[in-house]
Amino acid sequence: LQYTATGIYSNSTTQDLTTEVTWASSNGAAATISDAAGSEGLAQAVAAGATTISATFDGIAGSTNLTVTAAVLT
C-alpha cells in the first residue's frame, strides 16, 4: 500500500511531501513502511495486526491506522 503525505500551508496551498517526511510504523510486527529513497511511504504487511502509520515533517505529524488481516480463501 502506497501512502502519500500532503502539506497544507496557511495560505491554502498544498505540496506533496511524500519524499520529505519521516515515515514510521508503530507496530513493525504488523506492517513496515519505507523511508528509503525511491520507495518512501510504501507499506508492507508482515502479519495480521494493527499499526499506526505516521509521517513527520518539521515537527508536524500526521497519522492513520492500518489493519492487516489474513488472506481468506474464497
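**Note on an all-strand predicted chain**

1. A search of the whole structure turns up one aromatic pair, where rings of Phe, Tyr and Trp (for Trp, its six-membered ring) are taken to pair if their centres lie within 6.5 Å. The partners are Tyr3 and Trp23, whose rings are 6.5 Å apart centre to centre with 45° between the planes, so that the pair is classed as tilted; planes under 30 degrees apart would count as stacked and those over 60 as edge-to-face, with the rest called tilted. Because Tyr3 sits in the segment before strand 1 (6-8) while Trp23 belongs to strand 3 (residues 22-25), the pair ties together parts that are 20 residues apart in sequence. Tyr3 and Trp23 are both buried, a term that here means under 20% relative accessible area, with exposed meaning over 50% and partly exposed lying in between (1.4 Å probe, protein chains only).

2. On the basis of the note, the model is a predicted one, in which local features need pLDDT of at least 70 and side-chain atom pairs count only at pLDDT 80 or more, whereas totals for chains, interfaces and linings use all residues. Residues are numbered from 1 along each chain as its sequence is written, and side-chain values use heavy atoms, with hydrogens and water left out.

3. As to secondary structure, the chain has seven strands and zero helices, and its elements run β-β-β-β-β-β-β from the N terminus on. Helices (H or I, at least four residues) and strands (E, at least two) are DSSP runs, numbered from the N terminus.

4. Turning to the overall dimensions, the C-alpha atoms of the chain fill a box of roughly 50 × 25 × 20 Å along the principal axes. Of the 74 residues, 26% count as buried, and the chain exposes about 5000 Å², of which carbon and sulfur atoms supply 54%; accessible areas come from the Shrake-Rupley method with a 1.4 Å probe, and for residues only the protein chains shown count as cover. Among contacts (heavy atoms within 4.5 Å) between residues at least 6 apart in sequence, 32% join residues at least 24 apart.

5. Two backbone positions deserve a check. Ser12, although not a glycine, has a positive phi of about 75°; Ser12 is placed in the loop between strand 1 and strand 2 (14-16) and counts as exposed at 63% relative accessibility. Asp58, likewise a residue other than glycine, has a positive phi near 55°; Asp58 lies in the loop between strand 6 (49-57) and strand 7 (60-68) and is exposed, with a relative accessible area of 70%.
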